[in-house]
4 protein chains.
Amino acid sequence: MKAAVIGATGYGGAELIRLLQQHPSFTLHSFHSSSKEGESITASYPHLETVSGMELEAIDSEKIARDADVVFTATPSGVSSELVPELVNAGSRVIDLSGDFRLKDTKQYEQWYNKKAPDEAILENAVYGLTEWLEEDITEAQLISNPGCYPTAALLGLAPLLKQNIADPESIIIDAKTGVSGAGKKATPVTHFTEMNDNLKIYKVFAHQHTPEIEQEMARLNPEAGAVTFSTHLVPMTRGIMTTMYAQAPDGMTAKELTDLYQESYKDSYFVRVREEGTYPSTKEVYGSNFCDLSVTLDERTNRIMIVSVIDNLVKGASGQAVQNMNRMFGIDEKAGLAFAPVYP
Amino acid sequence: MKAAVIGATGYGGAELIRLLQQHPSFTLHSFHSSSKEGESITASYPHLETVSGMELEAIDSEKIARDADVVFTATPSGVSSELVPELVNAGSRVIDLSGDFRLKDTKQYEQWYNKKAPDEAILENAVYGLTEWLEEDITEAQLISNPGCYPTAALLGLAPLLKQNIADPESIIIDAKTGVSGAGKKATPVTHFTEMNDNLKIYKVFAHQHTPEIEQEMARLNPEAGAVTFSTHLVPMTRGIMTTMYAQAPDGMTAKELTDLYQESYKDSYFVRVREEGTYPSTKEVYGSNFCDLSVTLDERTNRIMIVSVIDNLVKGASGQAVQNMNRMFGIDEKAGLAFAPVYP
Amino acid sequence: MKAAVIGATGYGGAELIRLLQQHPSFTLHSFHSSSKEGESITASYPHLETVSGMELEAIDSEKIARDADVVFTATPSGVSSELVPELVNAGSRVIDLSGDFRLKDTKQYEQWYNKKAPDEAILENAVYGLTEWLEEDITEAQLISNPGCYPTAALLGLAPLLKQNIADPESIIIDAKTGVSGAGKKATPVTHFTEMNDNLKIYKVFAHQHTPEIEQEMARLNPEAGAVTFSTHLVPMTRGIMTTMYAQAPDGMTAKELTDLYQESYKDSYFVRVREEGTYPSTKEVYGSNFCDLSVTLDERTNRIMIVSVIDNLVKGASGQAVQNMNRMFGIDEKAGLAFAPVYP
Amino acid sequence: MKAAVIGATGYGGAELIRLLQQHPSFTLHSFHSSSKEGESITASYPHLETVSGMELEAIDSEKIARDADVVFTATPSGVSSELVPELVNAGSRVIDLSGDFRLKDTKQYEQWYNKKAPDEAILENAVYGLTEWLEEDITEAQLISNPGCYPTAALLGLAPLLKQNIADPESIIIDAKTGVSGAGKKATPVTHFTEMNDNLKIYKVFAHQHTPEIEQEMARLNPEAGAVTFSTHLVPMTRGIMTTMYAQAPDGMTAKELTDLYQESYKDSYFVRVREEGTYPSTKEVYGSNFCDLSVTLDERTNRIMIVSVIDNLVKGASGQAVQNMNRMFGIDEKAGLAFAPVYP
């Protein structure tokens, strides 16, 4: 089967090329870029030399829909909202990596993204693709909205708690830390090496656009969930997200019970690895891979639950989960092309 | 006046040498080490070449007490508990950088440090030296117990809140992140470059020995304070601590009121810089300096207060605050030798 | 076919597991460790959880020879020299990643490694496995000595020059820079994060044990080659080697001619990518992959040739080249299991 | 005495503020910026909060000349060439940190900088301020051209060799490595954190504008010196330069003789520390300080001399040396305000 990637020159696009290049059932059919038509992908990414000699093509929705079995739109917010409907209307099956089709409430979208919301008819049919918690069969779905990196890490960590209604959702605090690749390929003063190296920053304080996405999905998992405190830090590393999450525990719960619950919840999820009680993941332990590693414990002195989750923001937090969703859409093993080990150290 | 440093070959000792070397009123009189007697300090620290050609001397409490006006013990926990009483009994004025004289409750010490507690008579007279919140004149004090790095960052951030009894102390969560120098000079598997570079780790989960120290001092600031949730992360950087702290706000409070309160609290504290509302410090902005930079804000959607504090763990979190305490002990300007700018970038 | 890995808990061993796990023709049959028998590999490497649940086994040469088609010895120098002969005598086909079977001159070995040289009969039959420059068919070879990381980067860069006898070998200088994983998994003061982060060190000055290996192989490529100046630097990064090499050019040569020669030399070598004239590789562009990227140019003002080569020291510089050699030994496509893209960024 | 800084918002300017702030004889009188007039310096550099509350002022050469005893122009190349003559003509004593007044040959300047050369009359009177090798008394000099960062590291390392005519200048190769702050404060794709972290790059190959500066000064030290091979690498660290330099030795020389010669050459130079034979500096050992640490040795197998020099590119390589030159200009101790220890670790 054939995949097309639009927006191939961002980090999400480059990572899709790496993943699709080793996929057993899909081939990379074409790359597309609005700004670099005719250029080789190696002009942007010399590391892809010999891996792929393909040229970037223009974005022609009709042609793409005709030629490719699936299309990944790794385009920025505000671009996908225009482009995806064209592709959908032309008959493509689309996996969108922008945030444009995640928020069902268009007012929320316009408030947090400060852009015009996409067409509601298309939006309505977009499936939010947190793969492990999909409520529906997506083998017929035409549009998957791929989750954000922070929401993926946070929701995989919170889902068992919310589903089982163990903790008061109002007590939840998400203290999130990300590597700098989450900010994208574009150079900015904040992500200048000299400013970021050997430094730790807090940013977009209570203004991160992933906040309503997390809340929307928390509420889907537990209708009592409302607003959540979510803070975001930039750590001097390239890849990786860790979310450290706190919630008030009911009386009498133990760390062992919590760990058992989590291990049970994810026993059929290859990509979510729940650590043994008393051990905790570090971000490097999922580097370059599609895994989400999780620990849960209890601070007995304050009766607070703490959940720690780590992902590679560019893989499980973006392109890897997109491929996992593609596998589900086409009814093949969700591990296809993704069951490789992290790169460690 | 003359200062002696015991334990000169750890990072705390080396940093004391840097700071005392530029102090206007004190000279570095002697360095002492139990294991490296007779060696030049430059064998451990080539960067001190020409800055100091002094040799490390044995630890002779009587002689040190006779020769030096003040002694810094930058010795490990368990060593200070034996050494400091000797120095005190010999008449020295001592500033201890280990954790041995911080916890007033010897049971707590023995539980968290897993070592024998120091002599209670000496312990009783030790003054906990969080300089900005000293309740007493220390110009006559003989023993200052210098605060830990995490407690310094956390308590400077929490103190105005606790003093004014603004938030329920039970609601407080401290999510702390440190650079790796906090773990000391000794090479370990956890702090091996290859394991720590491009990585983010959570460690000593709910078992960090600074926990009871933070609680003891929180209770001094506000008697209602009890146990606190305190988590600790290792960030791939050399220096710096950031604590991100959360507390439930009373109804009707605003971010501006909180910022005003903090600016008022610290208006006479040169080394605590409260940022303007809506701006936040990063760790690099205090690198190499004795500053603690602070922001406070309100997450209006959840009515949670968030406080962010940053310090250089080896300066305000250790040797810088020790010199600041020395200045206070000797009745000189507390800024003496410390009023230099951070090294940025 | 079945592969065994001895010394699975070092970085070379862990990387072999990652690579073999995705190999189309070989399966990971067993891991062996002298010190951790009975432990799960995940005790040393939590990132391998679910990737492999295998236990570390004792080292029983007879059993290994019986059960596995090929054995990788990722054991330290001085251990391989004892172990490999046992395996060879038991009939195993062995790929050795230590330096024990690289130097044909046992006096050189004993001088640079300060260890007892291996048995000469075994040594004589060991094939030096710089895959792209193998002079012989190795489909029948029983023992491959896998090259060192620095020699791989240096020799791939120098080989066309030496083979064509373009530059005076005496004029060659190799200025090499490595990431810290080259120093292995064991924590040491030199590789302590705090000492290495934001730092650049020169080390083992004119005493690196890879020096005679480079010279031996340079002489094989060009009999006029003798001693070479080779310096080694530690760079604050995890993976990657760059060698910057200088040699006096004959009169009248151009950068274009040099580039053409290199491109011609490597036109059939999938894993060596010669860059276009005027462009240069960075280490990250081969991160996690088996590629060696190369540039060659001329400093016209001094008539010096400069060659720049980069590899991932743990892949092409160790485990990746070992798998490439295994593919050659078994007569399968040398790209099998290795033709994936670098992890970038 | 009073100092003015023009171009205060670049890294050179910010570092001058840090250094002047602790100078015993000079005060920071005013900061100037063409683009940020009226803004507080803390808008660009929050770390300077409370250290300096001054506002950036417009650049009025007449007024600056009237008010300040010395002016530092930390302005970009092409700006200084216009601005410095104005200041000089208005009577200021100027220390220029741009490259505009370093090359005496205006054709070279125009070729390497691709900008219009400055007025020759002014250029003629500019003294090249490599402080340790100044040939003249500068207490009356009106214009000092402060050396570039690479030339400082390279020339301090080469000067004794060149002066004593020990090695054939044609045999010299300079392999230089820099931290990223050398590229300035402006964010660029090359210096984007994600592209530079865990990466090593070679850049501006044989096209670095410091090449002719090094050659000009090498020729001043030894008239036989001509073109030199000089390569430049970007290392993932903030501060620091290491130059590794090679030269052919005359027969019969020893490492000890070389070390003795270097120690003798610099015995009166506080800021140049020649290491003992067999030990080598790392960049961190001069971090934040004005020191240049040096080692020299001999590769006996190839009879090549190797010199290793390290500096902090923003201090000895820019603002620190500028202050050192200021001290010389005003006839005060050259160590004034600069004799502090490196920040280590």
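## Sheet in chain B

Strand 11 (residues 241-248) of chain B pairs with strand 14 (residues 304-311) of chain B in the antiparallel sense, over 8 bridges. Within this pairing, I241(B) has I311(B) of strand 14 of chain B as its bridge partner. The model is predicted.

Both strands belong to an open sheet of 7 strands in chain B, with the order 9-10-8-11-14-13-12 and mixed pairing. Strand 9 (201-203) and strand 12 (272-274) of chain B are the edge strands, and each pairs on one side only. From one strand to the next, the twist averages 25°.

## Helix on the sheet

Helix 7 (residues 149-163) of chain B packs on this sheet. The helix touches strand 8 (173-178), strand 9, strand 10 (229-234), strand 11, strand 12, strand 13 (292-299) and strand 14 of chain B. Its direction makes about 35° with that of strand 11 of chain B.

## Helix pair in chain C

Helix 1 (residues 11-21) and helix 11 (residues 315-329) of chain C pack with their axes 10 Å apart, at an angle of about 45°. The two helices of chain C are therefore oblique to each other. Their crossing is right-handed.

Helix 1 of chain C contributes G12(C), E15(C), L16(C), R18(C), L19(C) and L20(C) to the contact. Helix 11 of chain C contributes V315(C), S319(C), G320(C), A322(C), V323(C) and M326(C). By class, this contact has 7 nonpolar, 3 polar and 2 charged residues.

## Chains A and B

The same surface serves both: 100% of the contact residues of chain A recur in chain B.

Conventions:
Residues numbered from 1 in each chain as written. Chains lettered and ligands numbered in written order. Predicted model: local features only at pLDDT ≥ 70, side-chain atom pairs only at ≥ 80, totals over all residues. Heavy atoms only, no water. Axes fitted to C-alpha atoms, helices over the stretch in contact; angles between N-to-C directions. Helix = DSSP H or I, 4+ residues; strand = E, 2+ residues; numbered from the N terminus. Parallel < 35°, antiparallel > 145°, perpendicular 65-115°, else oblique. Left-handed = near helix turned anticlockwise from the far one by under 90°. Contact = heavy atoms within 4.5 Å. Nonpolar A, V, L, I, M, F, W, Y, C, P; charged D, E, K, R; others polar. Pairing = 2+ DSSP bridges.
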